[in-house]
Amino acid sequence: MMISRIKLLIAGIFAVGFLQMNLVNAQYKSTIKNETVLFNNIDAVLPLGKLDKYTITVCTQDSSLFRDFNDQISRYAAVTYAGLGSFDEQIKYSNLVIVAVKAEALTFPFIEQLVQAKMNNKKIILAVFGKGDLLSLLNNVKVPILWNDHFSRETQNNAAMTIFGGLSAFNKLQKTYSSSFMKGMGEATSQTRIQYGVHANDEINIDRLSKKIDEIATEAIAEKATPGAVVMVIKNGQVIFEKGYGYHTYSKKEPTTIHNIFDLASVSKIAGTTPVIMRLTEQGIVDLDKPIGDYLWQAKATNKKDIRLKSVMLHEAGFTPFIPFYRNLKPGDLQSYDSPTHHVKVADSCYLVNNYYRDVMWPEMLHSEVKPVGNYVYSDISMYVMKEVAEHQTAIPMQKYVQDNFYRPLGMKTAGYNPRDRFAKQDIIPTEQDTSFRKVLLQGYVHDQGAAMAGGVAGHAGLFATANDLAIYGQLLLNRGEYGGERYFETKTVDLFTSKQSLTSRRGLGFDRWDPNLKNEYPSKLSNATVYGHTGYTGTCIWIDPANQLVYIFLSNRVHPQVSTKLFNLNIRSRIQDAIYEAIAAGKK
């Protein structure tokens, strides 16, 4: 064990030096054999690029028969599902239509409808399963066609992943079926997105990993460190582990699944606010070497006007760590119903007086005490400030900016603020039974009191998402700014923000990092110097490891029903991360 740890630490140190000298983008490594053959990839439509360009309808001849195809597509994009009946009417408001059928369903009337849909300026993608002899019916249909000679769960999954770039296409026809489908034909594409499906992996012992994670997660739930959790691991662009544990609450009525939405707490700092600042800095709209007073008029008359934004991003601005605004509420500030004077919903049946953030919270932050700049003091005020800077510079609310520029184009379907506005309550994991402020079980309303009082959108908290959405964001960073065949950040921007930027702490710009003091074993005792990410108060974390081409995500609601330190005391998150590294080491033997 100790030898493996030393080897991993040494490898991490060497990896950092290598990455600093010769940084390269992440490399996808598939272990899945893809038998799909692709034809007519006109204008290189596949794999699909930015997903916000499309309104997608998926049409299959039988939803139960094509459940695997539909489920796989749902991992990549928000789509509407339909059958083949009333085809023309069901796709009327979609600009991209994905059709999946068995070859026997290729009738002339239906093929004519496909041709008509193309004439109506819709992009059509056709996935066909079964007899190759029937491909000749499609000789004159010039749309991307994916074909597999047999119909199975695997071929459905692979066809769906090929459409979105989770798998590369490279297979060729082994015989001639018609003049348009001849032996040797078949177009090639590249993998551009995360790949789903756990298969044998030469670089990691998956059986060992699964057993160990099961043990640790079961222990956490048995010890009531958290009622439930989701763990997700991505290596070389492939999901190698993904599982939900326990239940939403200790009543054990709702099992926790990989599709549940969690309050990410401070992970919001790096998955919400920081990417906005990254984009604005590379566009020259924000300069981190300039002071707060250059961007915020209200700060010019305060003790914060000369503090550089870089110091703010590094938590070295000398700000007060935390201001418990909710403790200063006056009678009448909260009420149980919506009204013209109380329209800020902070929880079920709990409304805050209007403009409390603008009139009370933000001025108090601006005039709060400042200690000498340069020392590392973790403060939520830092990201309140950066959100204000971003919104003043863009004139766009941050929740809209991240959706339009990142989440929707990337295919992050659930990521966002105030999830109760978009999703069913039961899909969102509850957090604390709040007894001091909102006096209700929090479900879909941000746990952090200050973020709730700011309308659910704050720089330091407020973001909700599934593990899958975080995985997409993590892979984007691991790819150094590129995902789905599109570039979202310049590589130098990702390298700058995620690397060590402080002389007094381990921090990057917005990002937390591996602690060089090995006694702290942070984020885990086997992690290495390339690792960056963040944790969240509700019991969440994401860690990205370029040296091992790894993304590790842990989501839980450890604050339910009340705040508990057991998740920390048992070291659950770090031990699971160590188990991943141990499985990697075992796989290389």
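1. Lys50 lies over the face of Tyr488, at 5.3 Å from the ring centre. The model is a predicted one, and this placement of Lys50 over Tyr488 should be read as a feature of that prediction.

2. A second contact of a charge with a ring involves Arg558 and Tyr537, where the charged end of Arg558 sits over the ring of Tyr537, 4.5 Å from its centre.

3. Strand β18 covers residues 532–536 and is mostly covered, with four of its five residues buried. In a regular strand, side chains alternate between the two faces of the sheet.

4. On one side of the pairing, strand β17, made of residues 512–513, is joined to β18 by two bridges, and these two strands run antiparallel. Within this pairing, Asp512 stands opposite Gly533 of β18.

5. Strand β18 is also joined to strand β19, residues 540–545, by five bridges, and here too the strands run antiparallel. Tyr532 stands opposite Ile544, a residue of β19.

6. Which residue takes a positive phi in the hairpin of β18 and β19? The residue is Gly539, with a phi near 105°, in a hairpin that has three residues between its strands.

Notes:
Residues numbered from 1 in each chain as written. Predicted model: local features only at pLDDT ≥ 70, side-chain atom pairs only at ≥ 80, totals over all residues. Heavy atoms only, no water. Buried < 20%, exposed > 50% of the residue type's maximum accessible area, 1.4 Å probe, protein only. Pairing = 2+ DSSP bridges. Lys NZ or Arg CZ within 6 Å of the ring centre and 35° of its normal.
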